[in-house]
Amino acid sequence: MRSVFSSTKKMIQAGLLTLSLFGMASYVQAVDASATAKTDVLWFGQAGFRIKTPEGKMILIDPWITEGPKTPLIYKNDLSAIGPIDVLLVTHAHVDHLGDAPTVAKTNNIKLYGPADMVTPLITLGILPAELGHRFNKSGQVTPAPGIKVTAVHADHSSLLVWKNPATNKPEAHPAGEPVGYIIELENGFKIWHMGDTGLFSDMKFISEHYRPDLVMVPIGGNFTMGPADAAYALRTWIKPKMVIPMHYNSNPMTKGTLAEFQEAMKGSSIKIVPMTEGQTVQF
Ligand SMILES: [Zn+2]
(Lines give C-alpha, C1' and ligand atoms only; values in the text may rest on other atoms or scores of the structure.)
Protein backbone atom coordinates (compact mmCIF):
# COMPACT_ATOMS: atom_id res chain seq x y z
CA MET A 1 0.00 0.00 0.00
CA ARG A 2 1.27 3.40 -0.91
CA SER A 3 1.57 5.65 2.10
CA VAL A 4 0.84 9.32 1.86
CA PHE A 5 2.47 11.74 4.20
CA SER A 6 1.69 15.28 5.00
CA SER A 7 4.08 17.74 6.47
CA THR A 8 4.04 21.40 7.11
CA LYS A 9 6.69 23.71 8.41
CA LYS A 10 4.66 24.20 11.53
CA MET A 11 4.40 20.50 12.28
CA ILE A 12 8.15 20.03 11.94
CA GLN A 13 8.80 23.05 14.11
CA ALA A 14 6.45 21.58 16.66
CA GLY A 15 8.41 18.34 16.63
CA LEU A 16 5.72 16.29 14.95
CA LEU A 17 7.75 14.41 12.42
CA THR A 18 5.29 12.01 10.94
CA LEU A 19 1.63 11.42 10.62
CA SER A 20 -0.14 8.84 8.54
CA LEU A 21 -3.21 9.84 6.67
CA PHE A 22 -6.42 7.82 6.50
CA GLY A 23 -5.49 5.90 9.66
CA MET A 24 -4.67 2.83 7.59
CA ALA A 25 -0.93 2.48 7.93
CA SER A 26 0.18 0.29 10.80
CA TYR A 27 3.39 2.25 11.12
CA VAL A 28 4.58 5.59 9.90
CA GLN A 29 7.96 6.80 8.77
CA ALA A 30 9.72 10.01 9.59
CA VAL A 31 9.37 12.82 7.10
CA ASP A 32 12.30 14.58 8.66
CA ALA A 33 15.42 12.39 8.43
CA SER A 34 17.37 14.46 10.94
CA ALA A 35 19.14 12.67 13.75
CA THR A 36 17.11 14.24 16.54
CA ALA A 37 15.80 11.74 19.08
CA LYS A 38 12.22 10.70 18.55
CA THR A 39 9.30 9.45 20.58
CA ASP A 40 7.09 6.61 19.36
CA VAL A 41 3.51 6.45 20.64
CA LEU A 42 1.55 3.20 20.18
CA TRP A 43 -2.18 3.14 20.95
CA PHE A 44 -3.75 -0.14 22.14
CA GLY A 45 -7.26 1.36 22.26
CA GLN A 46 -9.27 3.17 24.98
CA ALA A 47 -6.66 4.92 27.21
CA GLY A 48 -3.83 2.43 26.70
CA PHE A 49 -0.56 3.68 25.22
CA ARG A 50 3.05 2.55 25.01
CA ILE A 51 5.53 5.39 24.69
CA LYS A 52 9.07 4.65 23.49
CA THR A 53 11.15 7.55 24.77
CA PRO A 54 14.00 9.24 22.87
CA GLU A 55 16.46 7.16 24.91
CA GLY A 56 14.57 3.94 24.28
CA LYS A 57 12.70 3.41 27.53
CA MET A 58 9.24 1.88 27.31
CA ILE A 59 6.43 3.58 29.26
CA LEU A 60 3.08 1.77 29.47
CA ILE A 61 -0.10 3.59 30.56
CA ASP A 62 -3.53 2.12 31.37
CA PRO A 63 -2.92 -1.24 29.65
CA TRP A 64 -6.37 -2.73 28.95
CA ILE A 65 -4.97 -5.18 26.44
CA THR A 66 -6.04 -8.82 26.78
CA GLU A 67 -9.69 -7.86 27.46
CA GLY A 68 -9.74 -4.73 25.30
CA PRO A 69 -12.37 -5.19 22.58
CA LYS A 70 -10.33 -3.25 20.00
CA THR A 71 -6.82 -4.41 20.95
CA PRO A 72 -5.01 -5.83 17.90
CA LEU A 73 -4.88 -9.63 18.17
CA ILE A 74 -1.09 -9.72 18.21
CA TYR A 75 -1.21 -8.12 21.69
CA LYS A 76 -4.60 -9.44 22.81
CA ASN A 77 -3.54 -13.07 22.34
CA ASP A 78 -0.02 -12.64 23.72
CA LEU A 79 0.58 -9.92 26.27
CA SER A 80 4.36 -10.42 25.98
CA ALA A 81 4.14 -8.98 22.44
CA ILE A 82 4.08 -5.51 24.01
CA GLY A 83 7.77 -6.10 24.79
CA PRO A 84 9.75 -5.34 27.95
CA ILE A 85 8.33 -2.40 29.89
CA ASP A 86 10.39 0.00 32.04
CA VAL A 87 7.72 2.30 33.48
CA LEU A 88 4.11 1.38 34.31
CA LEU A 89 1.45 4.01 35.07
CA VAL A 90 -2.23 3.52 35.93
CA THR A 91 -4.65 6.46 36.25
CA HIS A 92 -7.43 4.76 38.24
CA ALA A 93 -8.91 1.38 39.16
CA HIS A 94 -11.63 0.97 36.51
CA VAL A 95 -11.07 -2.22 34.57
CA ASP A 96 -10.49 -0.48 31.23
CA HIS A 97 -7.49 1.29 32.81
CA LEU A 98 -6.08 -1.09 35.42
CA GLY A 99 -6.51 -3.94 32.92
CA ASP A 100 -3.34 -6.04 32.65
CA ALA A 101 -1.21 -3.71 34.79
CA PRO A 102 -0.69 -6.10 37.76
CA THR A 103 0.41 -8.84 35.33
CA VAL A 104 2.79 -6.47 33.54
CA ALA A 105 4.28 -5.36 36.88
CA LYS A 106 4.92 -8.96 37.90
CA THR A 107 6.26 -10.25 34.58
CA ASN A 108 8.62 -7.27 34.17
CA ASN A 109 9.40 -7.03 37.89
CA ILE A 110 8.67 -3.29 37.80
CA LYS A 111 6.64 -1.01 40.02
CA LEU A 112 3.07 -0.10 39.23
CA TYR A 113 2.77 3.67 39.77
CA GLY A 114 -0.72 4.79 40.65
CA PRO A 115 -2.93 6.82 42.98
CA ALA A 116 -1.98 5.92 46.55
CA ASP A 117 -5.41 4.68 47.57
CA MET A 118 -5.73 2.52 44.46
CA VAL A 119 -2.36 0.84 44.99
CA THR A 120 -3.15 0.08 48.64
CA PRO A 121 -6.13 -2.24 48.00
CA LEU A 122 -4.22 -3.89 45.13
CA ILE A 123 -1.61 -4.83 47.73
CA THR A 124 -3.91 -5.69 50.64
CA LEU A 125 -6.12 -7.89 48.43
CA GLY A 126 -3.04 -9.73 47.15
CA ILE A 127 -3.43 -8.56 43.53
CA LEU A 128 -0.01 -6.89 43.55
CA PRO A 129 3.08 -7.72 45.66
CA ALA A 130 3.81 -4.83 48.06
CA GLU A 131 7.29 -4.26 46.63
CA LEU A 132 5.78 -3.68 43.16
CA GLY A 133 3.42 -0.88 44.19
CA HIS A 134 4.36 2.79 44.25
CA ARG A 135 1.79 4.98 45.96
CA PHE A 136 1.68 8.69 45.10
CA ASN A 137 -0.90 11.37 44.55
CA LYS A 138 -1.79 14.68 42.93
CA SER A 139 1.14 17.12 42.60
CA GLY A 140 3.46 14.28 43.55
CA GLN A 141 6.35 13.88 41.13
CA VAL A 142 8.25 10.64 40.66
CA THR A 143 11.29 9.67 38.60
CA PRO A 144 10.43 6.08 37.65
CA ALA A 145 13.45 5.85 35.30
CA PRO A 146 16.47 8.11 34.75
CA GLY A 147 15.43 11.23 32.84
CA ILE A 148 11.69 10.51 33.10
CA LYS A 149 9.57 12.71 35.37
CA VAL A 150 5.92 11.90 36.04
CA THR A 151 3.58 14.23 37.93
CA ALA A 152 0.09 13.19 39.01
CA VAL A 153 -2.56 15.83 38.35
CA HIS A 154 -6.28 16.20 38.95
CA ALA A 155 -8.84 14.25 36.92
CA ASP A 156 -12.54 14.77 37.55
CA HIS A 157 -13.80 11.19 37.66
CA SER A 158 -14.15 8.25 40.09
CA SER A 159 -12.19 5.11 40.95
CA LEU A 160 -13.76 1.86 42.18
CA LEU A 161 -11.96 -1.46 42.16
CA VAL A 162 -14.08 -4.48 41.25
CA TRP A 163 -12.30 -7.69 42.14
CA LYS A 164 -13.47 -11.27 41.96
CA ASN A 165 -12.64 -12.85 45.30
CA PRO A 166 -11.22 -16.31 44.53
CA ALA A 167 -12.45 -17.61 47.90
CA THR A 168 -16.10 -16.83 47.10
CA ASN A 169 -15.88 -16.51 43.30
CA LYS A 170 -18.00 -13.36 43.63
CA PRO A 171 -17.17 -9.82 42.50
CA GLU A 172 -16.49 -7.33 45.28
CA ALA A 173 -16.37 -3.53 45.03
CA HIS A 174 -13.53 -1.80 46.89
CA PRO A 175 -12.88 1.95 47.27
CA ALA A 176 -9.76 2.79 45.26
CA GLY A 177 -8.93 6.42 45.93
CA GLU A 178 -9.22 9.25 43.45
CA PRO A 179 -8.33 9.10 39.75
CA VAL A 180 -5.45 11.12 38.33
CA GLY A 181 -3.98 12.26 35.04
CA TYR A 182 -0.24 12.27 34.36
CA ILE A 183 2.20 14.86 33.08
CA ILE A 184 5.00 12.74 31.61
CA GLU A 185 8.24 14.59 30.84
CA LEU A 186 10.70 12.66 28.64
CA GLU A 187 14.49 12.91 28.55
CA ASN A 188 14.44 15.65 25.89
CA GLY A 189 11.88 17.78 27.76
CA PHE A 190 8.91 16.71 25.58
CA LYS A 191 5.82 16.72 27.80
CA ILE A 192 2.77 14.53 27.39
CA TRP A 193 -0.41 15.01 29.44
CA HIS A 194 -2.36 11.76 29.63
CA MET A 195 -5.62 13.08 31.08
CA GLY A 196 -6.96 9.71 32.22
CA ASP A 197 -10.73 9.67 32.44
CA THR A 198 -12.06 13.12 33.20
CA GLY A 199 -14.96 15.49 32.88
CA LEU A 200 -14.48 19.21 32.36
CA PHE A 201 -12.84 21.14 35.19
CA SER A 202 -11.54 24.68 34.97
CA ASP A 203 -8.14 23.83 36.51
CA MET A 204 -7.29 22.29 33.15
CA LYS A 205 -6.22 25.87 32.42
CA PHE A 206 -4.02 26.01 35.52
CA ILE A 207 -2.46 22.60 34.79
CA SER A 208 -1.66 23.67 31.22
CA GLU A 209 -0.12 26.98 32.28
CA HIS A 210 1.89 25.35 35.05
CA TYR A 211 3.19 22.25 33.22
CA ARG A 212 2.95 23.35 29.55
CA PRO A 213 2.30 20.00 27.87
CA ASP A 214 3.27 19.63 24.18
CA LEU A 215 0.96 16.70 23.48
CA VAL A 216 -2.34 15.95 25.23
CA MET A 217 -4.14 12.59 25.22
CA VAL A 218 -7.77 13.57 25.73
CA PRO A 219 -10.88 11.43 26.31
CA ILE A 220 -13.70 12.22 23.85
CA GLY A 221 -16.12 9.30 24.20
CA GLY A 222 -18.65 10.90 26.55
CA ASN A 223 -20.90 9.19 29.13
CA PHE A 224 -18.03 8.53 31.57
CA THR A 225 -15.83 11.42 30.39
CA MET A 226 -15.88 14.54 28.29
CA GLY A 227 -17.53 14.09 24.92
CA PRO A 228 -16.26 15.62 21.68
CA ALA A 229 -17.74 19.10 22.29
CA ASP A 230 -16.48 19.44 25.87
CA ALA A 231 -13.03 18.07 24.95
CA ALA A 232 -12.81 20.61 22.13
CA TYR A 233 -13.93 23.39 24.47
CA ALA A 234 -11.23 22.48 27.00
CA LEU A 235 -8.52 22.29 24.34
CA ARG A 236 -9.45 25.52 22.55
CA THR A 237 -10.22 27.59 25.63
CA TRP A 238 -7.92 26.37 28.37
CA ILE A 239 -5.27 23.85 27.34
CA LYS A 240 -4.08 25.11 23.93
CA PRO A 241 -1.43 22.42 23.33
CA LYS A 242 0.55 21.96 20.12
CA MET A 243 -0.93 18.50 19.50
CA VAL A 244 -3.72 16.24 20.72
CA ILE A 245 -4.45 12.52 20.46
CA PRO A 246 -8.16 11.71 21.04
CA MET A 247 -8.74 8.58 23.13
CA HIS A 248 -11.35 6.71 25.19
CA TYR A 249 -13.82 6.21 22.36
CA ASN A 250 -14.64 3.37 19.92
CA SER A 251 -14.40 0.64 22.62
CA ASN A 252 -17.66 0.79 24.55
CA PRO A 253 -21.18 1.23 23.10
CA MET A 254 -21.92 3.69 25.93
CA THR A 255 -19.15 6.06 24.85
CA LYS A 256 -20.66 7.26 21.63
CA GLY A 257 -18.40 10.24 20.91
CA THR A 258 -16.64 9.91 17.56
CA LEU A 259 -13.44 11.15 16.00
CA ALA A 260 -15.48 12.90 13.28
CA GLU A 261 -17.50 14.82 15.89
CA PHE A 262 -14.30 15.82 17.66
CA GLN A 263 -12.66 16.96 14.41
CA GLU A 264 -15.77 18.98 13.59
CA ALA A 265 -15.74 20.62 17.02
CA MET A 266 -12.04 21.49 16.58
CA LYS A 267 -12.50 22.99 13.11
CA GLY A 268 -10.50 26.19 12.61
CA SER A 269 -8.22 25.53 15.59
CA SER A 270 -4.44 25.56 15.10
CA ILE A 271 -4.09 22.62 17.52
CA LYS A 272 -2.86 19.63 15.51
CA ILE A 273 -5.15 16.60 15.89
CA VAL A 274 -3.27 13.30 15.64
CA PRO A 275 -5.98 10.67 15.04
CA MET A 276 -4.87 7.10 15.70
CA THR A 277 -6.23 3.64 15.02
CA GLU A 278 -5.78 0.83 17.53
CA GLY A 279 -2.34 -0.75 17.05
CA GLN A 280 -0.93 2.23 15.17
CA THR A 281 2.33 3.93 16.10
CA VAL A 282 2.97 7.62 15.50
CA GLN A 283 6.36 9.24 15.87
CA PHE A 284 6.96 12.68 17.38
ZN1 LIG B 1 -12.90 5.31 34.43
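# Notebook: Asn109 and its surroundings

I started with Asn109, which counts as exposed because it has 9 C-beta neighbours inside 10 Å. The cut-offs I used: buried is 20 or more other C-beta atoms within 10 Å of a residue's own, exposed is 12 or fewer, and partly exposed is in between, with C-beta atoms placed from the backbone. Asn109 sits in the loop between helix 4 and strand 5. Its phi is positive, near 50°, and it isn't a glycine. I noted the background too: most residues other than glycine have a negative phi.

**What I'm looking at.** This is a predicted model, where local features need pLDDT of at least 70 and side-chain atom pairs count only at pLDDT 80 or more, while totals for chains, interfaces and linings use all residues. Residues are numbered from 1 along each chain as its sequence is written. The pLDDT is the predictor's confidence in each residue, from 0 to 100. The protein averages 90, and 87% of the residues score at least 70. Over residues 1-34, though, the pLDDT is below 50, and this stretch has 51 contacts in the model beyond near neighbours in sequence. A contact means that two C-beta atoms, placed from the backbone, lie within 7 Å.

**Counting pieces.** I found 8 helices and 16 strands in the protein. Both are DSSP runs numbered from the N terminus: helices are H or I with at least four residues, strands E with at least two. Of the 284 residues, 42% count as buried.

**Helix 4.** Which residues of helix 4 (101-108) are buried? I got Ala101, Val104 and Ala105. They cover an arc of only 100° around the axis, so they are on the same side of helix 4. The arc is taken from the directions from the helix axis to the C-beta atoms. The cover over these residues includes strand 3 (58-61), strand 4 (87-89), helix 3 (95-98) and strand 5 (112-115).

**Helix 5.** In helix 5 (116-124) I listed Met118, Val119 and Leu122 as the buried residues. Their arc is only 95°, which puts them on the same side of helix 5. Among the elements covering them are helix 4 and strand 5. Gly126 follows helix 5 and has a positive phi, near 85°.

I traced an open sheet of 7 strands, in the order 7-8-11-12-13-14-15, with mixed pairing. Strand 7 (141-145) and strand 15 (272-273) are the edges, each pairing on one side only. Strands count as paired if DSSP finds at least two bridges between them. Strand 11 (180-185) and strand 12 (191-194) pair antiparallel over 4 bridges. One residue I checked was Ile183, whose bridge partner in strand 12 is Trp193. Helix 6 (203-211) packs on the sheet, touching strand 8 (148-154), strand 11 and strand 12.

**The core.** Which residues touch the most other members of the largest nonpolar core? They are Leu88, Leu89, Met217 and Val218, out of 69 residues. Such a core is a set of buried Ala, Val, Leu, Ile, Met, Phe, Trp, Tyr and Cys residues joined through C-beta atoms within 7 Å. Helix 7 (228-239) gives the most to this core, with 5 residues. Leaving out residues up to four places away in sequence, Met217 touches Phe49, Ile192, Trp193, His194, Met195, Ile245 and Met247.

**Another asparagine.** Asn223 lies in the loop between strand 13 (215-219) and helix 7. Its phi is positive, about 65°, although it is not a glycine. With 12 C-beta neighbours inside 10 Å, Asn223 counts as exposed.

Terms used
Axes are lines fitted to C-alpha atoms, for helices over the stretch in contact, and angles run from 0 to 180 degrees between N-to-C directions.
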